[in-house]
Amino acid sequence: MKNYNYFVKSISWLAGFIAFGVLLFFLSRIAYLLTYANFKELSNFKVDVLRAFGIGIRFDLKVLTIGLLPLVLLSFLTLLFGNKGFKVIRKTFQIYGFIILSIFALLMIIDYYFFSFYNSRISVIFFGFFEDDTLAVLKTIWTDFPLIPILIGLFVALFLLYKASGWISKDREFKKLLSNRVLIQAFAILVFVGVYFAGMRGTLAIIPLDGRHATFSENTFVNTLANNGVFALKIAYSDRKNYKVDINISKMLKQYKFKTESEAISTYLGNPNDTLNTSSLIATTPKNEFLKQNPPSVVFVMMESMSNYYLNFHSEKTNLLGALENELKDCYLFRNFLSSYNGTIFSLEGIMVNSPQGPLSQSKYQTVTLESSSAKPFVEKGYQTTFITGGKMGWRSMDKFINKQYFETIEAEPNLLKECPDAKRCEWGVHDENMFDRTFEILSNAKQPQFIYAMTISHHSPYDIPESYQGYPLELTDEMKSKLKATPEIALKSLKAYQYANDCLGKFINKIRNSPLGKNTIIVATGDHNIHQIFDFTDKDLLMKYSVPFLLYVPDAYKPKNDVNTKKFGSHRDVFPTLFNLALSDAKYVNSGNNLLSDKGKDNYSVYCYRIAMDSVGCVDYTSTPLYFRWSDMNTMQLEPSSQNPDEHLQKLMIKSKAYTASMNILVMEDLAKKTNQKK
């Protein structure tokens, strides 16, 4: 390649800009550390601080390689044109490199001072500069920060950057690095492309480097140290762009076709009263002296992709339950049960804080404490509350959101690795068996009743469960093969991971049941959502398409005296109304659903994605024009289009479901407006 030497020159300039950028990020991270670190606290995290700088370089390389990508394309032009226009290309390198490094340097400075004000890297709050009273924000900046010295320093830095850019893009000769052999030159170009692509991904692993990889330590400051201002802005922009939470109640009511808040709430509660407000949505559990004197510990487990449909295929040759199979005889199992959403974070917030819209964790409301939190009634009754997951708390900004929702303790991947250095890990974090072991340890060491909200991760693509797991027989039946839309290999991996997750849950229940904890520990589990990538579903199978199981282990002393109808329809909205009534005496809670263990009331129905409702009569999908279905066979739970259009019963079900959604929205929106001093 006769123009190969020009390509080498251009790549050397690119490498120079990247190296200089890494140096700038390193210096900004040092300044960040020296200014904001509590060194007494960090003395116990010296290794983590070093890891933060190592991981930080990966974040820095990612933003630099992406930002400088146009220069890669220019470099390849030199292979085509050689000396023709080479001076123009060199000047373009200098100017573009200077602009990118200047923008990044500016963001480093903004991020540095942003932390001093908000105690976090740049977040969605950053956009409040444009959305709030901008003049007031400017005044705050003028009063609270040394703006003139900052601007002087910035202009000096820009001047130095311009000079450095000129030096980096200087025309140099690399005769010792050049080869005349075409194969060697081609190989070198391929290696360059591969290395650069790896830099843009930030990792050689399956999942590209993102915000979750910055949460590796138990110390939150160390986790922020690993990130940089540019990547933090990218996360904040993504949060703002994709997940905007609206608290305009009038607009929301119009969407669900209610004239007033009272109309929506009275329709939901079935109480024809035009004076109802959000206080009417607060219920109280019955007074119970036994529960008052003997408060049980409660563990709620949100299982990753715990499919109800998969349970249909469980057999001796296709074992999908593992150790859970033997525990089900001591559990209540509801299968006519829908998840609140088809995404983990949405289901988590639907269950945890009763919010139909979100995710709040990725909105400007991510640090607002909501009174609708499921942990609040437990806190008010003297429980210690813990959120635990094997995952990374940086995922979906959970680290900013969950610790504000009445959870006193949060444990995630870093904590589990500290407690168990040999813990088994995957792309998403620490595997389920270690999370359950840690949960058992928390319960065993507790001095007061516990409420634990646990979230598993193992049944998640790419389904890489621990190699040490032996498992149970597992084969695809002819029926399963006929319904596959994934390859048999992927299906088997998913089924194996599903078996593993259930096996871990079963062993946990068994361990609790056969220990002293078994007498006063309630365990509840459900899926965050079904899994849709493996099997095809038709409209006949909407229940199986959207459903997750809901199971409860209840010690004998706490079981309801009445017979429990596990054929009832329910959904995530019923989880905590059931738990509160089972575990707490005289406790106030959000009336988001029904107590599924009660024999009172017949108003049981399921809601999925706040646009589909089911009950014992049928199903209505009101995503757009309502679609009505009735059960054709209750044994196989298959649907067929209703012969009535519109179907009077299902229309009422739709209105009731919309009223429920509107009521929960009103409750959350009013709380958000009140705590952020905004108009509803």
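Which side chain does the side chain of S547 join in a polar contact? Let us work through this and a few more exercises together.

This is a predicted model, in which local features need pLDDT of at least 70, side-chain atom pairs count only at pLDDT 80 or more, and totals for chains, interfaces and linings use all residues. Residues are numbered from 1 along each chain as its sequence is written, and side-chain values use heavy atoms, with hydrogens and water left out.

**Exercise 1. Describe the surroundings of S547.**

Step 1: S547 counts as buried because its relative accessibility is 0%. Buried means under 20% relative accessible area, exposed over 50%, and partly exposed in between (1.4 Å probe, protein chains only).

Step 2: The opening question has its solution here: the side chain of N308 makes a polar contact of 2.9 Å with that of S547. A polar contact is a pair of N or O atoms within 3.5 Å; within protein, one must be able to donate a hydrogen and the other to accept it, and residues adjacent in sequence count only if both atoms are side-chain atoms.

Step 3: A polar atom of the S547 side chain also lies 2.6 Å from the backbone oxygen of L543.

**Exercise 2. Classify the ring pair of F569 and W631.**

Step 1: Rings of Phe, Tyr and Trp (its six-membered ring) pair if their centres lie within 6.5 Å; planes under 30 degrees apart count as stacked, over 60 as edge-to-face and the rest as tilted. The count by this rule is 47 aromatic pairs.

Step 2: For F569 and W631, the ring centres are 5.8 Å apart and the planes stand at 35°, so the pair is tilted.

Step 3: F569 belongs to the loop between β11 and β12 (570-571) and W631 to strand β17 (residues 627-633), so the pair ties together parts that are 62 residues apart in sequence. Both F569 and W631 are buried.

**Exercise 3. Find the charges that lie over the rings of F440 and Y660.**

Step 1: A charge sits over a ring if NZ of Lys or CZ of Arg is within 6 Å of the ring centre and within 35 degrees of the ring normal.

Step 2: Over the face of F440 lies K511, 4.4 Å from the ring centre.

Step 3: Over the face of Y660 lies R573, at 5.1 Å from the ring centre.

Definitions and conventions:
Contact = heavy atoms within 4.5 Å. Helix = DSSP H or I, 4+ residues; strand = E, 2+ residues; numbered from the N terminus. Lists of a residue's contacts leave out its neighbours within four places in sequence.
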